[in-house]
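This briefing sets out selected features of one protein chain, grouped by topic. Please read it alongside the sequence and the coordinates.

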Amino acid sequence: MKHFIFCCVLAGATLPAFAQKTITGRVSEAPSGEALAYVSIGIPGTSIGTVSGEDGRFTLEIPEKTALSDRDSMQFYLLGYRPQTMPFGAAVSGMLDIRLEPGVLQLREVVIRPDETRLKVLGKVKSKYRMVVNYALEGKINQNLGAEIGRRFTVKKPTRLESFQFFVAANNFDTVRFRINVYDLQKGKPGDNLLHEQIIVPLVGKKTGWVKVDLQAYEVYAEDDLVVGVEWIYGSKGGTELTIPIAMPAPGSKHFYKYGSRNRWKAFTAMSAAMTLEVRQ
């Protein structure tokens with residue numbers, strides 16, 4: 001089996017490279033101090049990123065010979081909270097204590113008439129592809145948390161999302177957790193998240209195969225093309241391989257990959273991840 005590997009290049013920097021640094025800290029809710037799990041943490045536009053654990057703690061490694069400038073910053077993001085940004089220079093000393101304030105989500109209104117709708121499956125239920133995308137970065141598993149694979153789905157009229165499924169080709173972790181995200185399209189790439197709460201999907205016992213996620217309780221609506229992303233947010237110790245199949249060529253399809261929790265999306269045309277979306281429209 002061939003592994004399809006994506007690489008990202010760090011944005012230009014003006015300061016000289018330095019030896020590897022480790023940034024640690026804890027993210028909690030303001031003002032209660034309650035730990036916030038699965039916060040996306042990283043340097044925007046770079047592959048440097050991770051996700052906080054269930055206790056809100058995180059460790060972020062800055063690779064050796066990485067050059068960053070005083071224009072770089074660290075960003076902390078979690079759905080339902082106001083993002084927080086701090087200068088990179090202020091982050092490299094001591095244990096960070098980050099407090100995120102709850103934010104107000106503006107939900108879009110989409111009108112659907114139930115008596116005129118029908119169920120439809122977008123995407124093909126096919127999993128035997130020659131190529132895969134590997135989430136796990138061998139030897140530095142926690143430093144690839146936040147990596148995300150997405151697929152575009154074509155929506156031409158008001159639509160309610162009923163369920164989503166994706167295929168896991170290989171998984172040697174005792175436990176992994178994914179976060180499902182639903183984005184609108186902005187300038188051809190994933191934009192705003194259409195969800196109003198997190199959708200966390202745990203897999204235990206080195207599970208592989210199709211994973212189905214019921215979306216009905218989340219009341220997710222769309223009226224234009226959208227992207228559903230599968231974000232890796234936790235992997236137990238000892239695992240090294242976690243993959244999703246990729247079809248290529250896949251005319252008319254578009255695949256997205258984000259290496260690092262706060263990195264930019266990369267788009268790949270004529271490619272398609274093993275994902276399907278059941279909708280009512």
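pLDDT is the predictor's confidence in each residue, on a scale from 0 to 100. The model described here is predicted, with a mean pLDDT of 87 for the protein, and 87% of its residues reach 70 or more.

**Confidence along the chain**

- Among the elements of the protein, the lowest mean pLDDT, 42, belongs to strand S1 (residues 2-3), and the highest, 98, to strand S16 (residues 199-204).
- Over residues 1-19 pLDDT stays under 50, and for this stretch the model has 52 contacts beyond four places in sequence.
- Where pLDDT is low, the predicted coordinates should not be read in detail.

**An open three-stranded sheet**

- Three strands form an open sheet in the order S5-S2-S8, and their pairing is mixed.
- S5 and S8 are the edge strands, each pairing on one side only.
- From one strand to the next, the twist averages 30°.
- Strand S2 (residues 21-29) pairs with S5 in the antiparallel sense, over six bridges.
- In this part of the sheet, Thr24 stands opposite Thr59 in S5.

**Salt bridges**

- With a cut-off of 4 Å between a side-chain nitrogen of Lys or Arg and a carboxyl oxygen of Asp or Glu, the count comes to seven salt bridges.
- Arg177 and Glu54 meet through their side chains in a salt bridge, at 3.8 Å from N to O. Arg177 belongs to strand S14 (residues 175-186), whereas Glu54 sits in the loop between strand S4 (49-51) and strand S5 (57-62), so the pair ties together parts that are 123 residues apart in sequence.
- The two partners fall into separate accessibility classes: Arg177 counts as buried because its relative accessibility is 17%, while Glu54, with a relative accessible area of 56%, is exposed.
- Glu101 forms a salt bridge with Arg82, and the closest N and O atoms are 3.2 Å apart. This pair links distant parts of the chain, 19 residues apart: Glu101 is in the loop between strand S8 (96-100) and strand S9 (119-122), and Arg82 is in the loop between strand S6 (73-77) and strand S7 (84-87).
- Glu101 counts as partly exposed at 41% relative accessibility, and Arg82 is exposed with a relative accessible area of 52%.
- A further salt bridge joins the side chains of Arg99 and Asp97, at 3.3 Å from N to O. Arg99 is partly exposed, with a relative accessible area of 37%, whereas Asp97 counts as exposed at 51% relative accessibility.

**Backbone geometry**

- Most residues other than glycine have a negative phi, and most peptide bonds are trans.
- The peptide bond from Ala30 to Pro31 is cis, with omega near 5°, and Pro31 is found in the loop between S2 and strand S3 (40-42).
- The peptide bond from Met248 to Pro249 is also cis, with omega near 0°; Pro249 is in the loop between strand S20 (242-247) and strand S21 (254-258).
- Tyr38, a residue other than glycine, has a positive phi, near 65°. Tyr38 is found in the loop between S2 and S3 and is buried, with a relative accessible area of 8%.
- Lys187 likewise has a positive phi, near 55°. Lys187 lies in the loop between S14 and strand S15 (189-193) and is exposed, with a relative accessible area of 89%.

- Ile149 is found in strand S11 (residues 148-153).
- Leaving aside neighbours within four places in sequence, Ile149 is in contact with Val133, Tyr135, Val228, Gly229, Val230, Ile244, His255, Phe256, Tyr257, Ala273 and Met275.
- The C-alpha atoms of Ile149 and Trp265 are separated by 9.4 Å, and these two residues are 116 residues apart along the chain.

Notes
Residues numbered from 1 in each chain as written. Predicted model: local features only at pLDDT ≥ 70, side-chain atom pairs only at ≥ 80, totals over all residues. Heavy atoms only, no water. Helix = DSSP H or I, 4+ residues; strand = E, 2+ residues; numbered from the N terminus. Buried < 20%, exposed > 50% of the residue type's maximum accessible area, 1.4 Å probe, protein only. Pairing = 2+ DSSP bridges. Axes fitted to C-alpha atoms, helices over the stretch in contact; angles between N-to-C directions. Contact = heavy atoms within 4.5 Å.
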